[in-house]
Amino acid sequence: MTDHEPEAAGPAGVRRRPPKPQVDTSKPQSARMYDYYLGGKDNYPVDRAAAEQVLTAFPNLRYGALANRRFLTRAVRDLVGAGIDQFLDIGTGIPTSPNTHQVAQGLNPAARVAYADNDPIVLAHAQALLVSTPQGRTTYIEGNLKKPGTILESAELAEVIDFDRPVAVMLLAVLHFVEDGEGAYEIVRTLMDAMPSGSHLVLSHATNEFAPEEWARVHATYKASGISGQIRNRPEILRFFDGLEMLEPGLQVIHRWRPDPAPADPAGKEDGPDDEAPAPPADPFAGYSADQLDAMISGYAGVARKP
Ligand SMILES: C[S@@+](CC[C@H](N)C(=O)[O-])C[C@H]1O[C@@H](n2cnc3c(N)ncnc32)[C@H](O)[C@@H]1O
């Protein structure tokens, strides 16, 4: 891994040279552990060791991470379809294709995306997040969700997001790193209060409902690694949406939120010139029932609109 010092990219993206990130490789970090679950290479031995302990506690964790990235794509796609063209993606994570701006700008090249994360490793890879279409804008904010002012009051956000028009605030797999005692619900309220009517909250969150003992071990493992947080049940996650209008189908286990149709069975197609084409990659979710997947994925997702 190189120590990037990213310059901004796309012709119309916001041009900015972020400060040189100080990446601490002596302690595991949640962004790098998550990258490891997703099969990425932007992690260090200390992250891999901690992530392997988590996987020992809950071997299916990778399914949740993968389902979560798929939810990101579906939610952003549907919101762009509903006319939303501004996104504030907090707790962005290490870039993983497709990132929010790739989905949004792929459908609406004028879409604007502001990313925010507090981990220097994400900043180190911010270049991949700053590649914008000429018509759109992207930016990266080094901000802390636990101090929402560091995001809401940043110059980068003001440059990219027009607060007179609706914004989709994305909090994917990040609120379980914020405990109630740190003001998790108040933080979400502060963020949504700053957004105009018609804005949306897009949220996903790990849950202990389906495998409580395993998740107690996951939680303990993170805590022992110096990463605090709180795994919540469905009512506790639903509370984040207080005051908002939940979109259909409501708060669901992640894979049940507006699932894409299953891909057609390639074996069923007629003979033709494509016969030599390589088989599509196996779907890791194939062969499991929806109920089995609930427990494997162990996370909820939902999207709601601010009236
Ligand atoms: C599990 S990853 C999720 C990444 C991405 N949102 C996704 O769902 O694929 C959690 C991310 O949240 C970030 N994060 C954790 N606590 C944060 C905080 N207080 N402020 C900003 N980002 C935070 C981590 O650095 C990491 O990149």
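S132 is located in the loop that connects helix 5 (120-124) to strand 3 (137-142); helices (H or I, at least four residues) and strands (E, at least two) are DSSP runs, numbered from the N terminus. The structure is a predicted model, in which local features need pLDDT of at least 70 and side-chain atom pairs count only at pLDDT 80 or more, while totals for chains, interfaces and linings use all residues. Residues are numbered from 1 along each chain as its sequence is written, and side-chain values use heavy atoms, with hydrogens and water left out.

With a relative accessible area of 7%, S132 is buried; the term buried stands for under 20% relative accessible area, exposed for over 50%, and partly exposed for values in between (1.4 Å probe, protein chains only).

The protein chain contains 11 helices and eight strands. Of its 307 residues, 49% count as buried. Among contacts (heavy atoms within 4.5 Å) in the protein chain with a separation of 6 or more, 76% are between residues 24 or more positions apart.

In soluble globular proteins, nonpolar side chains tend to be buried together. A nonpolar core is defined here as a set of buried Ala, Val, Leu, Ile, Met, Phe, Trp, Tyr and Cys residues joined through side-chain atoms within 4.5 Å. The largest such core has 69 residues, and those with the most contacts inside it are F71, F87, I90, L145, L171 and V202. Helix 3 supplies the largest share of this core, eight residues. A second, separate core of 19 residues includes Y36, A51, L55 and I231. When neighbours within four places in sequence are left aside, the contacts of F87 are V76, L79, V80, T100, A104, R112, V113, A114, I161, V167, A168 and M170.

L61 belongs to helix 3 and is buried, at a relative accessible area of 10%. Its contacts, neighbours within four places in sequence excepted, are Y37, V54, L55 and W215. The C-alpha atoms of L61 and Y37 are separated by 7.4 Å, and these residues are 24 apart along the chain.

The largest pocket holds about 1,000 Å³ of space. Its lining consists of 47 residues, of which S30, A173, V174, H176 and F177 are the closest to the pocket centre. Two or more lining residues come from each of helix 1 (30-37), helix 3 (61-81), strand 1 (86-90), strand 5 (200-206) and helix 9 (212-224). Helix 3 gives the largest share, six residues. By class, the lining comprises 22 nonpolar, 20 polar and five charged residues. Ala, Val, Leu, Ile, Met, Phe, Trp, Tyr, Cys and Pro count as nonpolar, Asp, Glu, Lys and Arg as charged, and the others, Gly among them, as polar. On a 1 Å grid over the protein atoms alone, a pocket is an open set of points where a 1.4 Å probe fits, with protein on both sides within 12 Å along at least five of seven lines; lining residues have an atom within 4 Å of a point. Grid points are joined across faces, edges and corners, and a volume is the space filled by probe spheres set on the points.

Most residues other than glycine have a negative phi, and most peptide bonds are trans. A173 has a positive phi near 50°; this residue lies in the loop between strand 4 and helix 8 (184-193) and counts as buried at 19% relative accessibility. R258, which is not a glycine, has a positive phi of about 45°. R258 is in the loop between strand 7 and helix 11 (290-297) and, at 28% relative accessibility, counts as partly exposed. A cis peptide bond with omega of about 0° joins S97 and P98, and P98 is in the loop between strand 1 and helix 4. The bond from E248 to P249 is also cis, with omega near 5°; P249 lies in the loop between strand 6 (245-246) and strand 7 (252-253).
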